[in-house]
Amino acid sequence: MTQSAPLQKRLEGKTALITGSARGIGLEIAAAFAAEGASVAVADLSLQDSAAAAADIALKTGAKTIALALDVSKEADCEKAVEETVKAFGKVDILVNNAGITKDNLVLRMKEADFDAVISVNLKGAFLMAKAAARLMLKARAGRIINISSVVGQAGQAGQANYSASKAGLIGLTKSLAREFAPRQVLVNAVAPGFIRTRMTEGLKDEARAKISELIPLGRMGEPGDVAKAALFLAGGDSAYITGQVLSVNGGLYM
Ligand code: NAP
């Protein structure tokens, strides 16, 4: 009887830096990557939160993890996060731009500062992180950048002009980076989640939640794990001929 070879984990030997990964979708992505063999840098606003998440992931998966504090809207923080990851793991193979905020209001009531803050974190943050990590990836002639956009960036949403503009901008950024980096085999894609059960959506009233679920062809809100599986696909070897794309994870809400 022939013995089958042990299954190779999908991200064995890879290193990943994931922003906003102390909770929600980012945490699920970090845990999924670690379970598939990646060394993971958990990067979030609070070092305490990052450290707790990094320790928990290491305990559950046996993967190497580090905890970083950063504000993605600050260039120096982004550069330092990449430097710290390289110091710990020697390289950055995968960057996930997941950190994001909302400051919802109807346009006529939306303050300029709330528009700027959302663009600054959700869109400029991804640009700054990509710029910091791409230097190494382009040199290595390999790498993956995954930007977490949103269905709201594809379809628009009343009360979220700032957020939808940032997430639509992220799709444009993804496509431009994909074209610019393709000659060096650095692949850039976006994931556009629909309504996912996290802190970002927990404020929704039961009535609103029921209404949203009615609009979703698959009849339910998504889980963070649904998004993590899409990110894992875009980070791994099975997506080697895919760049500049937007992978919707929305239960059919927007087609
Ligand atoms: P979440 O639970 O609020 O988590 C977001 C994380 O990002 C938090 O840990 C937060 O830190 C961190 N963060 C915020 N500002 C940051 C900054 N300037 N620098 C670094 N980290 C920062 O949200 P989520 O639902 O998991 O969302 C994750 C991503 O998915 C976001 O980009 C969001 O727009 C996108 N998305 C979510 C949904 C959904 O339905 N949940 C749908 C589509 C897209 P603190 O906790 O310290 O504030």
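## A tour of the pockets

By class, 6 nonpolar, 4 polar and 5 charged residues line the second largest pocket. Ala, Val, Leu, Ile, Met, Phe, Trp, Tyr, Cys and Pro count as nonpolar, Asp, Glu, Lys and Arg as charged, and the others, Gly among them, as polar. The model is predicted: local features need pLDDT of at least 70, side-chain atom pairs count only at pLDDT 80 or more, and totals for chains, interfaces and linings use all residues. Residues are numbered from 1 along each chain as its sequence is written, and side-chain values use heavy atoms, with hydrogens and water left out.

**Stop 1: the second largest pocket**

Stay with this pocket. Its volume is about 220 Å³. Select Lys14, Ala142, Gly143, Arg144 and Ala235, the closest to its centre of the 15 lining residues. A pocket here is an open set of points on a 1 Å grid over the protein atoms alone, with protein on both sides within 12 Å along at least five of seven lines. A cavity is a set of points where a 1.4 Å probe fits but cannot get out; lining residues have an atom within 4 Å of a point. Grid points are joined across faces, edges and corners, and a volume is the space filled by probe spheres set on the points.

**Stop 2: the largest pocket**

Move to the largest pocket, which holds about 1000 Å³ of space. Its lining has 41 residues; select Gly100, Thr102, Tyr163, Thr198 and Met200, the closest to its centre. Next, colour α1, β2 (39-44), α5 (151-155), α6, α7 and α8 (206-215), which each give two or more residues to this lining. Helices (H or I, at least four residues) and strands (E, at least two) are DSSP runs, numbered from the N terminus. The lining divides into 19 nonpolar, 15 polar and 7 charged residues.

**Stop 3: the ligand**

What takes up the space of the largest pocket? The ligand does; a molecule sits in a pocket or cavity if more than half of its atoms lie within 2 Å of its grid points. α1 (24-35), α6 (161-181) and α7 (199-202) are the elements that give two or more residues to the shell around the ligand. The largest share, 3 residues, comes from α7.

Show the shell itself. It has 27 residues, the closest being Arg23, Asp44, Asn98, Tyr163 and Thr198; a residue is near if one of its heavy atoms lies within 4 Å. By class, the shell has 13 nonpolar, 9 polar and 5 charged residues.

- Valine 72: a polar backbone atom is 3.0 Å from a nitrogen atom of the ligand.
- Lysine 167: a polar side-chain atom is 2.9 Å from an oxygen atom of the ligand.
- Arginine 199: a polar side-chain atom is 3.0 Å from an oxygen atom of the ligand.

The protein covers 93% of the 890 Å² of accessible area that the ligand has on its own, by the Shrake-Rupley method with a 1.4 Å probe.

**Stop 4: the cavity**

How many cavities of 30 Å³ or more does a search of the whole structure find? It finds 1.

**Stop 5: two loops**

Most residues other than glycine have a negative phi. Select arginine 141, in the loop between α4 and β5 (143-148). Its phi is positive, near 55 degrees. Finish at glutamine 185, in the loop between α6 and β6 (186-193). Glutamine 185 also has a positive phi, about 60 degrees.

Definitions and conventions:
A polar contact is a pair of N or O atoms within 3.5 Å; within protein, one must be able to donate a hydrogen and the other to accept it, and residues adjacent in sequence count only if both atoms are side-chain atoms.
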